[in-house]
Amino acid sequence: YGPVSWGKAWIEMIHRYVGAALGMLIIAIVWMAWRHRHTLGHSARLALFTLLAVCVQGAFGAWTVTHKLMPIIVTTHLLGGMSVLALMTWLAVRENPGPPVSPVTRRWRPWLIGAFLLLTIQIGLGGWVSTNYAALACMDFPQCHGQWIPEMDLHGGFSLFRALGELPSGEMISQAALIAIHWVHRNMAFLVFLVLGSVAWKLRADPILRRPATLVLLLLLA
């Protein structure tokens, strides 16, 4: 244990206060969804599930501290936060549905689901890079240490249940393992860009989806 870093402490406390405020807002949403379920025409199950998700998020926030930033805990906490965002978006869209898409556009539904899963994996890989402090494992681009496929320890880098900075054996994590974490995340980004960009480009043909599809393309370019 070392001295308290006041800047980091304030970041953590603000995060806790915002999380608590979000929890109270979701409780209010659950109450309104239950009270007005007959008027709204659907049950409060989605709102209840969102409340459960934010409670699980609170638990993972506590485990992040008690397990001393264990990478799998921190990465799962990140994915849980993205899940809560997705559930809140689902709630908002359900109360403000747009016009139906054309039958031709519905054919792209499997591709949309696939792109969403790829993006979720990429977010998880980004969290894995961050929680393992592997962001600077490759300083050059597009190669890594002057090689397209550098020396890597994929098994060590992607061993899930281990302490921060260690391998499952208890040894210090190697540079080759950090390179593996960074390299996989970096190259997965190209696949996500290709699939998500292709789907968004095709969906621009539908007037209803043109604006969100264009937004996806702009975000990819950014």
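Accessible areas were computed by the Shrake-Rupley method with a 1.4 Å probe, and for residues only the protein chains shown count as cover. On this basis, the accessible surface of the protein comes to about 15,000 Å². Carbon and sulfur atoms hold 73% of that surface. The model is predicted: local features need pLDDT of at least 70, side-chain atom pairs count only at pLDDT 80 or more, and totals for chains, interfaces and linings use all residues. Residues are numbered from 1 along each chain as its sequence is written, and side-chain values use heavy atoms, with hydrogens and water left out.

The secondary structure comprises nine helices and zero strands. Helices (H or I, at least four residues) and strands (E, at least two) are DSSP runs, numbered from the N terminus. The C-alpha atoms fill a box of roughly 60 × 45 × 30 Å along the principal axes. Of the 222 residues, 29% are buried. Buried denotes under 20% relative accessible area, exposed over 50%, and partly exposed in between (1.4 Å probe, protein chains only). Contacts are defined by heavy atoms within 4.5 Å. Among contacts between residues at least 6 apart in sequence, 70% join residues at least 24 apart.

Helix 1 has 30 residues. From its first C-alpha to its last, helix 1 reaches 43 Å, close to the 44 Å expected at 1.5 Å a residue. The expected span is 1.5 Å times one less than the number of residues. The buried residues of helix 1 are G23, I26, V30 and A33. Their cover includes helix 2 (37–40), helix 3 and helix 4. An α-helix has 3.6 residues a turn, so residues three or four places apart point the same way.

V18 also lies in helix 1. At 52% relative accessibility, V18 counts as exposed.

Helix 4 spans residues 71–95. Its 25 residues reach 37 Å between the first and last C-alpha, close to the expected 36 Å. The buried residues of helix 4 are P71, I72, I73, T75, H77, G80, V84, L87 and L91. Helix 1 (6–35), helix 3 (45–66) and helix 6 (109–131) are among the elements that cover them.

One disulfide was found in a search of the whole structure. A disulfide is a pair of cysteine sulfur atoms within 2.5 Å. The bond joins C138 to C144, with an S to S distance of 1.9 Å. Both C138 and C144 are buried. The torsion about the S-S bond is about -70 degrees, so the disulfide is left-handed.

Backbone features were also examined. Most residues other than glycine have a negative phi, and most peptide bonds are trans. A cis peptide bond joins F141 and P142, with omega about 10 degrees. P142 lies in the loop between helix 6 and helix 7 (154–157). Y133 is not a glycine, yet has a positive phi of about 55 degrees. Y133 is placed in the loop between helix 6 and helix 7. Its relative accessibility is 60%, so Y133 counts as exposed. H145, not a glycine either, has a positive phi of about 55 degrees. H145 lies in the loop between helix 6 and helix 7. H145 is partly exposed, with a relative accessible area of 45%.
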